[in-house]
Amino acid sequence: MEVVQEKSKNLNTKLESGVRLKNFFFNYGIIFAFIFLFVILSILSNSFLTFENIINVLRQISINAILAIGATFVILTAGIDLSVGSIVALAGIVTATFAQSGHSNLIISIVMGLAVGLFVGFINGFVTAKWKVAPFITTLGMMAVARGATFVYTGGQPVANLSQSFLQIGGGDIAKIPLPVIITVVVSIIFMVLLYKTKFGRYVYAIGGNENAAKISGIKVDKVKIWVYSISGLLAGLAGIILTSRVSSGLPQAGDGYELDAIAAVVIGGTSLMGGKGRLWGSLIGALLIGVLNNGLDLLNVSSYWQQIVKGCIIVAAVMIERKK
């Protein structure tokens, strides 16, 4: 009898160890994937592990990381925002208009860009929450509206001749650290606190987990959803400001496809597309992984077509792993 009990105890211990190992892999696998990719690219390319290239990668991923933060909030509520790429362009155009040399005001140009993003995000949230339109349809329509507005406003021409003070936002640095990276770190800390340390953050998870239960428990679901899409729009406006400054002009075609990279970063980072489960730090690692992958493939002279295929395969793999949890 004692022998049987001992065997049963050992079996339970092994099963518990297996479950813990499995959970550890699902929770932190992306970190190991990133380290593996980093080591492989360091071996394959002599240019990868240089200070200039690392700084270049960090500068490039800052925009996708900021968009991924907003996308994480939206996806945690089981929503989706396909309009952020177009908001980047619209906010960038408006910002560039106020940042042109001769009649520029740095503060006003930044505020206007953020306001445009916040307003468009609010419209997305209002239509989705109050009119019960599916987020996919709402934001798909807004993607077309915002993109069309940029072309109508500019006539398809870039808005150039921006002031030097504005160009420092995307091109400047402090102690050799690019300013976009510093902005990304500050934004990440602010929204991690919002998501993990406030009632609002708990409401976001609750709505994504079970919207009906959230309503019954007294959570104002519509209000939270409007705020979530407003946050996504606001951060897209910020990304538009940084991008406009970095490329020295407001471009109507800017941000094209950025929404897919942001969603990819969130999914790769472990946030469930069904809502209710996910982590903001995972989205940031996901953005970093995509940025490093793009940079490494560029250094290895892999064509952009193959890069899209590789990225798509990684997204599918990430979704499959998430469903195995």
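Leaving aside neighbours within four places in sequence, Leu 243 is in contact with Ile 63, Val 88, Ala 254, Gly 255 and Tyr 258. The model in which these contacts are found is a predicted one. This briefing begins with Leu 243 and its partner Tyr 258, and then turns to helix 2, its packing against helix 12 and its packing against helix 7.

- Leu 243 lies in helix 10.
- With a relative accessible area of 7%, Leu 243 is buried, because the limit for a buried residue is under 20%.
- Between Leu 243 and Ile 315 there are 72 residues of separation in sequence and 25 Å in space, taken from C-alpha to C-alpha.
- Tyr 258 belongs to helix 11 and is partly exposed, its relative accessible area being 23%.
- Apart from residues up to four places away in sequence, the contacts of Tyr 258 are Ile 63, Asn 64, Leu 67, Gly 85 and Leu 243.
- Tyr 258 stands 172 residues from Ser 86 in sequence, while the C-alpha atoms of the two are 8.5 Å apart in space.

**Asn 64 in helix 2**

- Asn 64, one of the contacts of Tyr 258, is placed in helix 2.
- The relative accessibility of Asn 64 is 12%, and this residue counts as buried.

**Helix 2 against helix 12**

- Helix 2 covers residues 51-76 and helix 12 covers residues 280-299; their axes are 8 Å apart and meet at an angle of about 140°.
- The two helices are therefore oblique to each other, since an angle counts as roughly antiparallel when it is over 145 degrees.
- The crossing of helix 2 with helix 12 is right-handed.
- On the side of helix 2, the contact is made by Asn 53, Asn 56, Val 57, Leu 58, Ile 61, Asn 64, Ala 65, Ala 68, Ile 69, Thr 72 and Phe 73.
- On the side of helix 12, the contact is made by Leu 280, Ser 283, Leu 284, Ala 287, Leu 288, Ile 290, Gly 291, Val 292, Asn 295 and Leu 299.
- Sorted by class, the contact of helix 2 with helix 12 contains 14 nonpolar and seven polar residues, with no charged residues.

**Helix 2 against helix 7**

- The axes of helix 2 and helix 7 are 8 Å apart, and the two helices pack at an angle of about 15°.
- Helix 2 and helix 7 are therefore roughly parallel to each other, because angles under 35 degrees fall in that class.
- Helix 2 passes helix 7 with a left-handed crossing.
- Helix 2 contributes Leu 58, Arg 59, Ser 62, Ala 65, Ile 66, Ile 69, Phe 73 and Leu 76 to this contact.
- Helix 7 contributes Pro 180, Val 181, Ile 183, Thr 184, Val 187, Ser 188, Phe 191, Leu 194 and Leu 195.
- The classes represented in the contact of helix 2 with helix 7 are 13 nonpolar, three polar and one charged residues.
- Thr 184 sits in helix 7, which runs over residues 179-197, and counts as buried at 9% relative accessibility.
- Thr 184 touches Ser 62, Ala 65 and Ile 66, when residues up to four places away in sequence are not counted.

**The largest nonpolar core**

- The largest nonpolar core has 77 residues.
- Those with the most contacts inside this core are Leu 67, Ile 69, Phe 73, Phe 191, Val 204 and Leu 235.
- Helix 2 supplies the largest share of this core, namely 13 residues.
- Ile 69 touches Val 187, Ser 188, Phe 191, Leu 235, Leu 280 and Leu 284, residues up to four places away in sequence being left out.

**Two loop residues with positive phi**

- Lys 132 is placed in the loop between helix 4 (106-130) and helix 5 (135-154).
- The phi of Lys 132 is near 55°, a positive value in a residue other than glycine.
- With a relative accessible area of 53%, Lys 132 is exposed, because the limit for an exposed residue is over 50%.
- Ser 248 is placed in the loop between helix 10 (221-247) and helix 11 (258-268).
- The phi of Ser 248 is near 65°, likewise a positive value in a residue other than glycine.
- Ser 248 counts as partly exposed at 36% relative accessibility.

Key:
Residues are numbered from 1 along each chain as its sequence is written. This is a predicted model: local features need pLDDT of at least 70, side-chain atom pairs count only at pLDDT 80 or more; totals for chains, interfaces and linings use all residues. Side-chain values use heavy atoms; hydrogens and water are left out. Helices (H or I, at least four residues) and strands (E, at least two) are DSSP runs, numbered from the N terminus. Buried means under 20% relative accessible area, exposed over 50%, partly exposed in between (1.4 Å probe, protein chains only). Axes are lines fitted to C-alpha atoms, for helices over the stretch in contact, and angles run from 0 to 180 degrees between N-to-C directions. Angles under 35 degrees count as roughly parallel, over 145 as roughly antiparallel, 65 to 115 as roughly perpendicular and the rest as oblique. A crossing is left-handed if the near helix is turned anticlockwise from the far one by less than a right angle, and right-handed if clockwise. Contact means heavy atoms within 4.5 Å. Ala, Val, Leu, Ile, Met, Phe, Trp, Tyr, Cys and Pro count as nonpolar, Asp, Glu, Lys and Arg as charged, and the others, Gly among them, as polar. A nonpolar core is a set of buried Ala, Val, Leu, Ile, Met, Phe, Trp, Tyr and Cys residues joined through side-chain atoms within 4.5 Å.
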